[in-house]
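Thanks for coming, everyone. Let's get the structure up on the screen and walk through it.

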Amino acid sequence: MREHFEIRDHDAAGRIGELTVPRAGVTVETPALLPVINPNIETIDPGRLRSEFGADMLITNSYIIRTTDDVRERALEEGLHELLGFDGAIMTDSGSFQLAEYGEIDTTTTEILEFQRDIGSDVGTPVDIPTPPDASREQAESDLAVTRQALADAEAVDVGDMLVNAPVQGSTYPDLRERAGREAAATDLDVFPVGAVVPMMNGYRYGDMVDAVAAAKRGLAEDCPVHLFGAGHPMMFALAVALGCDLFDSAAYALMARDGRYLTVSGTEQLADLDYLPCSCPICHEHTPEDLRAVDADERESLLAEHNLHVTFEELRRVKQAIRDGDLLELVEKRARGHPAMVDGYRALLDHADQLERIDSASKGTFFGLSDESARRPEVGRHHERLARLSAPDSLLCTEYGTPSDHDYDEVWRVVPPFGPFPRALSETYPLTAEVPDRTDAGAERAAAEGLRALVEANPGTDVTLAHEGWDDDALGIVPESVTLETLHADSDRADADTRTDGDADSTDADADRSAESRSESE
């Protein structure tokens, strides 16, 4: 067990945790953003990052410090915290980014970790190899061997009470990412960054990013705090947290401000194109777009950077509240609708629904069925698996409406897309309290049909009738042939249901009776 990281709450694979950083004497609540500080360029005073924005941790580059003579000497003499004027925790990168960009650096893992220790870093990083997406498998495996040796070298360095990162690489090969995660977790290192994802995000390849992180998470243990290296745009926080990422670092707030770009939770806008500022942070409250365009370049960059940080930290707080409320996946879906590439990322996340289901809470906030993708959420798959545990009577009606006032069935169960059938006694249990649209989509109907099939297969002796409101043909094709199909007619049946009082004491939901007569498919 890694005693420096404790999980306090979770939803999907997302968690609120506490990362204890002993050298700094600081406990960082996760998910957390680490603003990137270039020691040679100060966009926002690091001291303000904690007092005004709530940053308990930041990240800077020890390789740049080491190769800049005057900065190196000050860091060794004064210490990193004094140099930057920051009293929270400080993580340092090793130069691996420069290695990826320029092909070589003049340092080793042992040398750079000793330097990070000597300047007072709280979390250090070895020299790993960030293999880019789509590299050949031969290159990815060769680079992983170098990274594996770097982790072994890191374990051998006397770092005192400095925590040390164990990067997880593997390019776009899920099996290599999983293996790298397993090998990293087997070390005695402390924090586990998933590396080389920036090119995927820059290329809007959020589906590939999700697959890479999901694979790394399969290899890592649950007590491993996960850092998504280079990820700092607020639009993707909910998605990444739902995957199980705990730390993020961002230079985007400053780099985009330098280019006149304005961050929002649904994308990036050019300040030159804005007539209004769609935000209520202090910068946007006190300025108009015209104000920002009128000031000199340095002041404009600083003000935009402050806005970008405000909106970024605000989104992290929103994500944390969603975890507490149990509706993180609803937030993921809302953010996914902001950009087609984010939809790809959300769909990729749902491809790993089985992985999420193993750690997702069994009971939480109300399930909202917001789209076709909602039918693929972990809660739906879990319900289908549990249907096999239920004993069905000899004859069973599964209906989208209430209990008929006159029937010959042994029992009447609800059937609600996307979940499928369930006894009415479970109507008030999560996720069957779901809010779903009256006009169901084909994906939800297909998922409900999968649930019905699971029930029938688990109870082969039960005579099952399905009363449905005009389900999609593909959904009906999933229903076993042994099931009798009846079509409910929305206008007459719903109107009749509204005028009845259901005698079933277990029926507490908004659906009242359906009409006593349901029409068969053959009519």
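By a nonpolar core I mean a set of buried Ala, Val, Leu, Ile, Met, Phe, Trp, Tyr and Cys residues, joined through side-chain atoms within 4.5 Å. Keep in mind that this is a predicted model.

Start with the largest core. It holds 100 residues. Which of them touch the most other members? They are Leu49, Met209, Leu228, Met236, Phe248, Val332 and Leu349. Helix 15, residues 297-325, gives this core its largest share, nine residues.

Now zoom in on Met236. Skip its neighbours within four places in sequence. Met236 then contacts Met201, Tyr206, Met209, Leu228, Ala231 and Met342.

There is also a second, separate core. That one has 18 residues, including Trp413, Leu452, Ala475 and Val479.

Next, helix 8. This helix runs over residues 174-185, twelve residues in total. From first C-alpha to last, helix 8 reaches 16 Å, close to the 16 Å expected. Which of its residues are buried? Leu176, Arg177, Ala180, Gly181, Ala184 and Ala185. In general, an α-helix has 3.6 residues a turn, so residues three or four places apart point the same way. And what do the buried residues of helix 8 pack against? Helix 7, strand 9, helix 9 and helix 10.

Last stop, the hairpin. Strand 1, residues 5-11, runs antiparallel to strand 2, residues 14-21, and six bridges join them. Phe5 stands opposite Leu19. Two residues lie between the strands, and Ala12 takes a positive phi near 50 degrees.

Technical notes:
Residues numbered from 1 in each chain as written. Predicted model: local features only at pLDDT ≥ 70, side-chain atom pairs only at ≥ 80, totals over all residues. Heavy atoms only, no water. Buried < 20%, exposed > 50% of the residue type's maximum accessible area, 1.4 Å probe, protein only. Helix = DSSP H or I, 4+ residues; strand = E, 2+ residues; numbered from the N terminus. Contact = heavy atoms within 4.5 Å. Pairing = 2+ DSSP bridges. Expected span 1.5 Å × (residues − 1).
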